[in-house]
Amino acid sequence: MSRLQGAILHSDDDSNNMVEIHAVIGRAVAALLESGQSPHIQNLITMLQVHGAQAMDKSQKEIFLLAKRFITEKMH
């Protein structure tokens with residue numbers, strides 16, 4: 001499990017989704033910066049897609065998908 005995937009809080013409570021989404025986005029930005037990449041929107045979306053595809057747990061996959069949607073909606 002990557003550090004990015006480890007940022008997920010594993011809660012079934014819908015009120016915590018935003019906390020989990022923000023945590024995943026924050027870890028994705030940190031991972032981009034640590035790897036020398038810029039935290040541009042497209043890089044962030046790609047990072048979320050890759051880690052979401054690698055996630056083993058259904059709830060992890062869902063949070064990555066929600067985070068990607070959150071970022072995409074903020075662009076429009």
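1. The accessible surface of the protein chain comes to about 4,800 Å², and 57% of that area belongs to carbon and sulfur atoms; areas of this kind come from the Shrake-Rupley method with a 1.4 Å probe, and for residues only the protein chains shown count as cover. Of the 76 residues in the chain, 30% count as buried, where buried means under 20% relative accessible area, exposed means over 50%, and partly exposed lies in between (1.4 Å probe, protein chains only).

2. This is a predicted model, in which local features need pLDDT of at least 70 and side-chain atom pairs count only at pLDDT 80 or more, while totals for chains, interfaces and linings use all residues. Residues are numbered from 1 along each chain as its sequence is written, and side-chain values use heavy atoms, with hydrogens and water left out.

3. The protein chain holds four helices and zero strands, so that its elements, read from the N terminus, run α-α-α-α; helices (H or I, at least four residues) and strands (E, at least two) are DSSP runs, numbered from the N terminus. Among contacts (heavy atoms within 4.5 Å) between residues at least 6 apart in sequence, 53% join residues at least 24 apart.

4. Helix H2 (residues 17-34) packs with H3 at an angle of about 110°, the axes being 10 Å apart, where axes are lines fitted to C-alpha atoms, for helices over the stretch in contact, and angles run from 0 to 180 degrees between N-to-C directions. That makes H2 roughly perpendicular to H3, a label given to angles of 65 to 115 degrees, whereas those under 35 count as roughly parallel, those over 145 as roughly antiparallel and the rest as oblique. The contact involves Val24, Ile25, Ala28, Val29, Ala31 and Leu32 of H2, together with Asn43, Leu44, Met47 and Leu48 of H3; by class, it has nine nonpolar, one polar and no charged residues. Here Ala, Val, Leu, Ile, Met, Phe, Trp, Tyr, Cys and Pro count as nonpolar, Asp, Glu, Lys and Arg as charged, and the others, Gly among them, as polar.

5. The axes of H3 (residues 41-54) and H4 (residues 58-75) come within 8 Å and cross at roughly 165°, which makes H3 roughly antiparallel to H4. Residues of H3 including Ile41, Leu44 and Leu48 meet residues of H4, among them Phe64, Ile71 and Met75, and by class this contact has nine nonpolar, four polar and two charged residues.

6. Lys74 lies in helix H4 and, at 61% relative accessibility, counts as exposed.
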